[in-house]
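I opened this notebook to record, step by step, what I looked up in the structure.

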Amino acid sequence: MQGHFLYYKFALMEKILNYIDGKLVDPIGGKYIENFEPATGKIYSMIPDSDERDVELAVESASKAFPAWSTLSKEKRSALILKVVEEIENNLDEFALAESRDNGKPVWLARRVDIPRAAKNFRFFATGILHFASESHSMEKTAINYTLRSPIGVAACISPWNLPLYLFTWKIAPALAVGNCVVAKPSEITPMTAYKLAEICAKILPPGVLNIIHGYGHKVGSALTSHPKVPVISFTGGTKTGADIARVAAPMFKKLSLELGGKNPNVIFADCDFEKALSRTLDSSFDNQGQICLCGSRIFVEKPIYEKFKKAFVERVAAMKVGNPYDENSRLGALVSKQHMEKVLSYIELAKEEGGTILTGGKQVRIDGEYKDGWYVEPTVIEGLAYNCRTNMEEVFGPLVTIMPFETEEEVLLYANATEYGLASTIWTENLTRAHRMANEIHSGIVWINCWLLRDLRTPFGGVKNSGVGREGGFEAMKFFTEPKNVCISLS
Ligand code: NAD
């Protein structure tokens, strides 16, 4: 009876499929993984538990499609990708709801940020390819060099769970636009919008141009990154996974782009525009429940305004509503998984052990009714920690920030640069000279001055130190996904 009930329950559940050779298919092994809805903590769909056989089929299909796709005119490739954009935009609400249900983020956020940005990624590279040119180097009367830039072949694109469709398309779009074929793997924690994208692409793109395989990182991800017919890998995720992939890819001489973890500093000087700094620091701390690689998790405030800033910040954080993601008034939704929620809560405990004082938050939130088993955590602000304690050194990736005062630029640079990460930083000051000086001295790939998350897709995006290798965005991405060849012609 119980078996019958389970069969019935799973039969009713939406089943995600792989996208291989233009078709939506079951994994060869016929196995599935449960997919949870963070808002309720309940299983709501099934994800293919694919293995190396599915990866093999996808790579074969992408290799077969490569000669035709890579030689199709860029105008035709562009036009096909723009049709994908149109379909995403036509289905904005459906995509936003799917993203929110899969990830736990407020649906208003997915509608305002994630899904429009996914469409924008495709549009940006579909039009960017029309303007992409290669270099020439003249040696006056001796010779002329020109550089050919050719698509490489089958590209692996692997993405994390925090901005699922946003980051997935950020990789796929440039890879396809320049003429590669792609085998992509979304996070097994948030696979739904990648599946919805596959449904669209199956009607638009030639078979094999894009393949999407679902499943675990240690199975699908590693089969893909170690595959001898995959010469280029673009990965976004944790630093440890990035190191694992680099270990596999390096001896095979694969081209590698790694966008990894962060522990970003927010540096707030006394001469800042107080209200602007306050309100944007609230966003950079808690947007997407603090689960954005660019979120600032360490707030350093210059002493003369420390108490005033702290008081206003804590008051505003305490007023933030944590609620179910479908409620338009929820400022924060659910964390992505039970395991991740437990990790965040364990860091709150660690901060207490390390001598920190919780100024607000610090606890799991229990919501009544159908959301009672969801994974919610209060936005949390902690004071009184040493700049180099574990809470301030390790990536938590949740709604937890620390706050501390500083007196001099030298001191705050010591704090800001103390971690092994170097993705992004934010500086708030009205002193132009200081802003430039700080931007020069701070160790991060991205520096925002008097703003946060203001993105021009043409700019180089990426981190230094353990935050990654290589840059995404604009022509950097198109260069990454092409192989340059120099041709030197003698003029004598
Ligand atoms: P993760 O490293 O656990 O997983 C990322 C992806 O890699 C998933 O699709 C996973 O299945 C896959 N994977 C896991 N093991 C693999 C392996 N051995 N080989 C190949 N693929 C494998 O990361 P996550 O928990 O999904 O994401 C959170 C992390 O991502 C955080 O550290 C965050 O800072 C980082 N992140 C970085 C950026 C950036 O631009 N630098 C952006 C977003 C998130």
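In which sense do S13 and S20 pair, and over how many bridges? I found that S13 and S20 pair in the parallel sense, over three bridges. I noted that two strands count as paired if DSSP finds at least two bridges between them, and that helices (H or I, at least four residues) and strands (E, at least two) are DSSP runs numbered from the N terminus.

Before going on, I wrote down that this is a predicted model, in which local features need pLDDT of at least 70 and side-chain atom pairs count only at pLDDT 80 or more, while totals for chains, interfaces and linings use all residues. Residues are numbered from 1 along each chain as its sequence is written, and side-chain values use heavy atoms, with hydrogens and water left out.

**Entry: the sheet.** I looked up the strand order and found an open sheet of seven strands, S15-S18-S19-S14-S13-S20-S21, with mixed pairing. Strand S15 (357-360) and strand S21 (446-449) stand at the edges with a single partner strand each, so one side of each is left without a neighbour in the sheet. Neighbouring strands are turned by 25 degrees against each other on average, direction ignored; for such angles, axes are lines fitted to C-alpha atoms (for helices over the stretch in contact), and angles run from 0 to 180 degrees between N-to-C directions.

**Entry: strand S20.** I then followed S20, where Asn266 stands opposite Thr426, and where Thr426 has Trp448 as its bridge partner in S21. S20 and S21 run parallel and are joined by four bridges. Are the residues of S20 buried or exposed? Five of its five residues are buried, where buried means under 20% relative accessible area, exposed over 50%, and partly exposed in between (1.4 Å probe, protein chains only). Ala424, Thr426 and Trp428 point one way from S20, while Ser425 and Ile427 point the other way. I recalled that in a regular strand the side chains alternate between the two faces of the sheet.

**Entry: strand S18.** Here Thr380 and Ile382 point one way and Val381 and Glu383 the other way, and all are buried. S15 and S18 run antiparallel and are joined by three bridges, with Thr357 opposite Glu383. S18 and S19, in contrast, pair in the parallel sense over four bridges, and Val381 has Val401 in S19 as its bridge partner.

**Entry: helix H10.** I checked the length of helix H10 (residues 274-286): at 1.5 Å a residue its 13 residues should span 18 Å, and its end C-alpha atoms are 18 Å apart, which agrees. The expected span is 1.5 Å times one less than the number of residues. The buried residues of H10, including Phe274, Leu278 and Phe286, pack against S13, S14, H11, S18, S19 and strand S20 (424-428), where contact means heavy atoms within 4.5 Å. H10 is followed by Asn288, whose phi is positive, near 55 degrees.

**Entry: helices H14 and H15.** Lastly, I looked up how helix H14 (residues 409-416) and helix H15 (residues 432-441) pack, and found an angle of about 35 degrees with their axes 11 Å apart. The contact is made by Glu409, Val412 and Leu413 of H14 and by Arg434, Arg437, Met438 and Glu441 of H15.
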